[in-house]
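Trainee: I've got this one open on my screen, and I'd like to check the labels against their cut-offs. Can we go through it together?

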Amino acid sequence: MKQTLGQAITIPAGLSVKLTGEQAKVRSHLLGSSKAGTYKLKEELQFKAGEEIEIVGKIPKGILPAFLLDESEDGEVTVQQVANAITALNGETKVADLGKYLKTKITAAMRDEAVAFLEQQTSGDSENATLEEVVQAMQDLDEEDETLWVDEKPNRDIITENIGKTITDEIYDEAYSAVFESEDE
């Protein structure tokens with residue numbers, strides 16, 4: 001999901017980010033190869049407050065605060081932001097601590113909703129691979145190694161082994177479409 005940055009940040013090298021054509025153009029010398037608008041950073045990359053970006057995979061805790069400063073359309077803090085704060089605070093769920101971290105008032109109901117959201121995410125992660133994980137695994141495949149491909153598609157068994165989680169048909173097809181079919185357009 002795209003996020004509008006609440007503050008200027010530097011994203012470390014090695015992470016994958018989705019960028020617009022304009023964002024990529026001005027930073028092209030710092031970017032690795034692209035698949036479907038997703039770039040693996042060769043060097044750290046700076047973004048200004050207010051820019052929209054999407055980090056593929058987990059957001060490192062060191063840059064998480066830049067993502068927490070966004071507000072929802074009605075000006076209220078979102079469940080996702082509270083969940084991100086819980087993650088950044090190593091699982092701390094005290095309403096006062098979360099409110100201090102987010103610099104806004106947090107209700108117990110909002111905290112409980114964020115905790116439930118995180119539990120749902122964690123239980124889902126342990127069973128099935130996420131779209132982001134499968135996209136990243138497909139992007140990381142060596143296109144020259146013929147053993148990694150079956151019928152012109154990435155070998156699902158190898159991707160499953162690399163991720164260590166089950167890949168649903170829907171996620172595999174969606175990841176394949178995002179990584180390979182958009183390149184042809």
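Predicted model: local features only at pLDDT ≥ 70, side-chain atom pairs only at ≥ 80, totals over all residues.

Trainee: What makes the pairing of Arg-27 and Glu-51 a polar contact?

Mentor: The two side chains are joined at 2.9 Å, and the cut-off for N or O atoms is 3.5 Å. The side chain of Arg-27 also reaches the backbone oxygen of Gln-46, at 3.2 Å, and that value is within 3.5 Å too.

Trainee: Which residues does Arg-27 contact, leaving aside neighbours within four places in sequence?

Mentor: Leu-45, Gln-46, Phe-47 and Glu-51.

Trainee: On to the largest nonpolar core. Which members touch the most other members?

Mentor: Val-134, Met-138, Ile-159, Ile-163 and Ile-167, out of 16 residues. Helices H6 (131-140), H7 (156-163) and H8 (169-181) each give two or more residues to this core, and H8 gives the most, with six.

Trainee: What does Met-138 touch, not counting residues up to four places away in sequence?

Mentor: Its partners are Lys-35, Pro-154, Ile-159, Tyr-172, Ala-175, Tyr-176, Val-179 and Phe-180. For each of them, touching means heavy atoms within 4.5 Å.

Trainee: How many residues does the second core have?

Mentor: That separate core has 15, including Leu-5, Ile-11, Leu-31 and Tyr-39.

Technical notes
Residues numbered from 1 in each chain as written. Heavy atoms only, no water. Core = buried A, V, L, I, M, F, W, Y, C linked by side-chain atoms within 4.5 Å. Buried < 20%, exposed > 50% of the residue type's maximum accessible area, 1.4 Å probe, protein only. Helix = DSSP H or I, 4+ residues; strand = E, 2+ residues; numbered from the N terminus. Polar contact = N/O pair within 3.5 Å; in protein donor to acceptor, adjacent residues only side chain to side chain.
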